[in-house]
Amino acid sequence: MEKSCTLLVHFDKGTPAIANEIKEALEGNDVPAKIDAMKKAIMLLLNGETLPQLFITIVRYVLPSEDHTIQKLLLLYLEIIEKTDAKGRVLPEMILICQNLRNNLQHPNEYIRGVTLRFLCRLNETEIIEPLIPSVLQNLEHRHPFIRRNAILAVMSIYKLPQGEQLLVDAPEMIEKVLSTEQDPSAKRNAFLMLFTCAQDRAINYLLTHVDRVSEWGELLQMVVLELIRKVCRTNRGEKGKYIKIIISLLNAPSTAVIYECASTLVSLSSAPTAIRAAANTYCQLLLSQSDNNVKLIVLDRLNELKSSHRDIMVDLIMDVLRALSSPNLDIRRKTLDIVLELITPRNINEVVLMLKKEVVKTQSGELEKNGEYRQMLIQAIHSCAIKFPEVASTVVHLLMDFLGDSNVASAIDVVVFVREIIETNPKLRVSIIMRLLDTFYQIRAARVCSCALWIIGEYCLSLSEVESGIATIKQCLGELPFYSVSEEGEATDASKKTPQANSITVSSRRPAILADGTYATQSAASETAFSPPTIVQGSLTSGNLRSLLLTGDFFLGAVVACTLSKLVLRLEEVQPSKVEVNKATMQALLIMVSMLQLGQSHVLPHPIDNDSYDRIVLCMRLLCNTGDEIRKIWLQSCRQSFVKMLSDKQLRETEELKAKAQVSHAQPDDLIDFYHLKSRKGMSQLELEDEVQDDLKRATGEFVKDADDANKLNRILQLTGFSDPVYAEAYVTVHHYDIVLDVTVINRTKETLQNLCLELATMGDLKLVERPQNYTLAPESSKQIKANIKVSSTETGVIFGNIVYETSNVLERTVVVLNDIHIDIMDYIAPAVCTDAAFRTMWAEFEWENKVAVNTVIQNEKEFLDHIIKSTNMKCLTAPSALEGECGFLAANLYAKSVFGEDALVNVSVEKQADGKLSGYIRIRSKTQGIALSLGDKITLKQKGGS
């Protein structure tokens, strides 16, 4: 068996010291050399060397030394050497040590006394301690507090030894006396801790007699008091009320550590609104007063827990929580916004939005490097506020539209998506948004933002003046036609090696892009970058933004311009009585489209126009030359209808998620319900009454009863040996996040005693055994519960092997029973999670491990197969249900999950129905680590067959 270790020191294995060198140094008179030698000896002992020859040298040459450092090192040496022989008897040479310790305990120097008392706390040998007890007790009354506080700890550890109560019969009484007279805060805390651990009733008694003085005690003692209260209330819930009063009085303590502990104790013990409100106020106070970011993050976590269990109380504190946005740290700001967005109600929405608007304005002025990211977070927060409460949209939408030209592309995209949603959901704001958008359109610098803004202009310009302004704005941003002169083309042909105009906003590349459904497509220009200021100025002064973007070869944007112009011309036909004007506008639109096609086929640009965009622009030209009613309806109505459907789908999904969150456990039909007004109020304060009622409510609504799924428990029992083996074993496997507990029941099926029975386990994968196996003796036909702890360090399928070894009295050799393997399932570690499409695609591109599994199943319906995969991999489908509807014989969906270690698992399912009705295709798994990709692949291969 391994010994327990009370000391850990880092050991550099480079050059181990030789015992003879250490011995020589200890025998010399040079104090620094002695200190060095003692340190080396301790290092070697801690690393498993025994060094028996050093003991007598140390007794002869080190014991008499008066140097304090040497005396301290001597005590550390004594702490780690073996003090007993193989049979557990104390070694005779330890008597030499005993005399030295007694002298130290009566030493005139306080430091020597103190460290010796400290050393006694770690001694377990009663024979050595017994002669020292009188000296220890004398030190309880020493004038110096350093000695008193260590003497109290020594008494506590001696009393806790197996024979401690015989060695120190009246220790608790003595310490109680010391506690009543002691003035030193640290000694007082140690004395109270001694009573708390060894004589809890006396500690409670002392606390309740001095209850009105608790707030004046030192910080250390108050922490132990809170520890005691937690322990007492867990074992005896009935007496909670009087202790909660003590905690509330401690909330005004000067120490922040104490008030933090008070708040968390209150939350763990009580659900009374008064208590929870007091705790929440304390957290908010700490959030603002503490400058350390880690503290703020921890406090925000606590507030987040309160939010889920006591939302109504947290709603009142929303503005206090929002004040945490003043911290420059992005993680703190993100957490704060997450909490606040779930606490919004019609009563506080205006205040919250006002605060968020102020923060957005602040991001313009400051020059912090993270301002762009922070602005993006604020914009998303305002977006979700405006969707929940449409009436606030009017106050924020115009402010946010100033950021359409933001150099942080991501936040500009967020703004334009927000505007697109608001213009549909708030018809009253349509006119003002369109006017503002047309005014600020020239500032937009990113292609994706431009294309979304163009779509809005094409869909929502309805009146004559709006349509005309729309066409004029687009013409103005495209600049003079044609896009290049003949001479330029000639130059470009000559210098085709040279690069084109360098105001590039999109980086042109021919690499495969990942489409929203996870399939690949070759793209010519899509990766966007935040661009340097000179580019912007040049683009905005010399030519319009659309022109600059087209000249970098972004023809997708060209196709969007063509579609927008087509819609605007079709709308103009409806609202403009003059045929001449309509024809003029049509001709101008056709001219722009032809110019774009010419540019695409010229040699001015490094890449010609891609086929998709070419077809799209040609389609627009045909449409303008020949419009029928059916086509007009598709262009002017169907697009909008699809968008409305998409929005309603999104809202439906969100409300369903909220409903799922709100489902709480219900009471059993025969549970007892108490009535507030019928409670006896004898001697109870308002707080105690509230607390009792809350407890009754919890009991009635089944919150105390955790739903232990018994059927599920039985599934986790694994048989390890056969019924005919001499030893039968089965294991109950419990998987916590970072460790696995095996609860193994071993039954002796024979008629004889099994000796030295040992359960030996070995692991494969990222699993580690925590403790060494022990030996047991099993009587005939008796059983034994053996617990084994296994640490887990990553998400992958692990295997535990093992065998049971034992001896019987009449056979000399050991018998071995080999156990069944235990496979640890990856499903215990991953949980469904949600992420945005953009984040999914970024991760998909970044992750280097891909596992491709071919579809092989008896299921014949694509949707059914997808549901089967979701169920068997415990993942969340990110693809919207509406995108999976209909029968087309093809299906592509993205699934996402997160492991308890924070790793991401991405899965893309692409299946197609063959002519014979069977499904074919691939399931691709991507992750950062190899473990997840392989384990999930194995799991899918195993489970995908489906059917019965």
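Let's start with a term: a residue is buried when its relative accessible area is under 20%, exposed when that area is over 50%, and partly exposed in between, using a 1.4 Å probe and protein chains only. Arginine 148 has 15% relative accessibility, so this residue counts as buried. You'll find arginine 148 in helix α9.

Before going on, a word on what you're looking at. This is a predicted model, in which local features need pLDDT of at least 70 and side-chain atom pairs count only at pLDDT 80 or more, while totals for chains, interfaces and linings use all residues. Residues are numbered from 1 along each chain as its sequence is written, and side-chain values use heavy atoms, with hydrogens and water left out.

Now zoom out. The protein chain has 948 residues, and 46% of them count as buried. It holds 40 helices and 18 strands; these are DSSP runs numbered from the N terminus, with helices being H or I of at least four residues and strands being E of at least two. Two residues are in contact if they have heavy atoms within 4.5 Å. Take the contacts between residues at least 6 apart in sequence: 67% of these join residues at least 24 apart.

Back to arginine 148. What does this residue touch, not counting residues up to four places away in sequence? The list is Asn139, Leu140, His142, Arg143, Glu182 and Asp184.

Its helix, α9 (residues 145-159), packs against α6 (residues 110-120) at an angle of about 20 degrees, with the axes 8 Å apart. That angle makes α6 roughly parallel to α9. Here, axes are lines fitted to C-alpha atoms, for helices over the stretch in contact, and angles run from 0 to 180 degrees between N-to-C directions. Angles under 35 degrees count as roughly parallel, over 145 as roughly antiparallel, 65 to 115 as roughly perpendicular, and the rest as oblique. On the α6 side, the contact includes Tyr111, Val115 and Leu117, while α9 brings residues including Phe146, Ile147 and Leu153.

Next, the core. In soluble globular proteins, nonpolar side chains tend to be buried together. A nonpolar core is a set of buried Ala, Val, Leu, Ile, Met, Phe, Trp, Tyr and Cys residues joined through side-chain atoms within 4.5 Å. The largest one here has 221 residues, and those with the most contacts inside it are Tyr77, Phe192, Leu207, Leu303, Leu356 and Leu546. Helix α32 (residues 555-575) gives the most to this core, with twelve residues. Leucine 356 is in contact with Leu322, Leu325, Leu337, Leu378, Ala381, Ile382 and Cys385, leaving aside neighbours within four places in sequence. There's also a second, separate core of 29 residues, with Ile786, Ile790, Leu819 and Ile822 among them.

Now look at helix α24 (residues 393-401), where Ala393, Val396, Val397, Leu399, Leu400 and Met401 are buried. What covers them includes α22 (349-365), α23 (371-388), α25 (409-425) and α26 (430-440). Helix α22 contains valine 361, which counts as partly exposed at 40% relative accessibility. Between valine 361 and leucine 399 lie 8.6 Å, C-alpha to C-alpha, although the two are 38 residues apart in sequence.

Last stop: threonine 777, in strand β8 (residues 775-778). Is threonine 777 buried or exposed? With a relative accessible area of 54%, threonine 777 is exposed. Even so, leaving out residues up to four places away in sequence, threonine 777 touches Thr753, Leu754, Gln755 and Asn756.
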